[in-house]
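Here are my notes on the model you passed along. Have a look at it first, then read through the points below.

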Amino acid sequence: MTTQTALFYIFSAVLLFAAFRVITARNPVHSALYLVLAFFQAATIWMLLRAEFLAIVLVLVYVGAVMVLFLFVVMMLDINIDRMRQGFWRYFPVAALVGVFIVLEMAAVLMQAFQIGGQTAAAQVGGQPSTPVAHALAQLPNTNALGLVLYTHYLYPLEIAAVILLVAIIAAISLTLRRRKDTKTMQVSEQLKVRRQDRVRLVQMKAEGKE
């Protein structure tokens, strides 16, 4: 076993453990932190595959931005954990059935892809590119080739993803601005209209001496 293979198994084991703890942790903040750990392990696996750009983007975008947003939303929403746990065991059989179905479906697709396309993919990697565009992309570094394909062939999906993320950020901010019953607010415009004579009143009282 080579060093790269050993590192792959180590990072994959930590990734699976972190992903399992994301859905089993009792505290939502702990779940978000375990998700950060899972993203870091996925980034290290990308580094092993020599996809440095994807690893850096995964750390900067998801860990540095999205997960910070998740943490702020979880802490500011003041979620009632006890109320969320009341119906856990009632919906657990249905959730377990759906989870098993998804795992089997993904396993079937991936195993079929590995069996059918393994030798074909290896032949494509080892052989020469078949088109001039593929030949030009093969001569470029990994980051340049990915950026060229992303901002030419997949420009519209990239813009749609950016709009969806913007809508998600606006929705998260609007959730934190909801009115609560136990919150006392003040109207700034009404405060600015107040005059000194409306707030302060001098009262003269006669002094009464002791007999």
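1. Let's start with Phe8. Its relative accessible area is 38%, and that falls between the 20% and 50% cut-offs, so Phe8 counts as partly exposed. Keep in mind that this is a predicted model.

2. What does Phe8 form with Tyr9? The two make an aromatic pair of the edge-to-face kind. Their ring centres sit 5.9 Å apart, with 65° between the planes. Searching the whole structure turns up 3 aromatic pairs.

3. Phe17 and Tyr34 form an aromatic pair as well, again edge-to-face, at 6.2 Å centre to centre and 85° between the planes. Phe17 belongs to helix H1 (residues 3-24) and Tyr34 to helix H2 (residues 28-48), so this pair ties together parts that are 17 residues apart in sequence.

4. Stepping back to the overall fold, the protein has 10 helices and 0 strands. Read from the N terminus, the elements go α-α-α-α-α-α-α-α-α-α.

5. How much of the protein is buried? Of its 211 residues, 11% count as buried. The accessible surface comes to about 18,200 Å², and carbon and sulfur atoms account for 67% of that.

6. One last item, on contacts. Taking those between residues at least 6 apart in sequence, 55% join residues at least 24 apart.

Key:
Residues numbered from 1 in each chain as written. Predicted model: local features only at pLDDT ≥ 70, side-chain atom pairs only at ≥ 80, totals over all residues. Heavy atoms only, no water. Helix = DSSP H or I, 4+ residues; strand = E, 2+ residues; numbered from the N terminus. Buried < 20%, exposed > 50% of the residue type's maximum accessible area, 1.4 Å probe, protein only. Contact = heavy atoms within 4.5 Å. Areas by Shrake-Rupley, 256 points an atom, 1.4 Å probe, with all protein chains shown as cover. Phe/Tyr/Trp six-rings, centres within 6.5 Å; stacked < 30°, edge-to-face > 60°.
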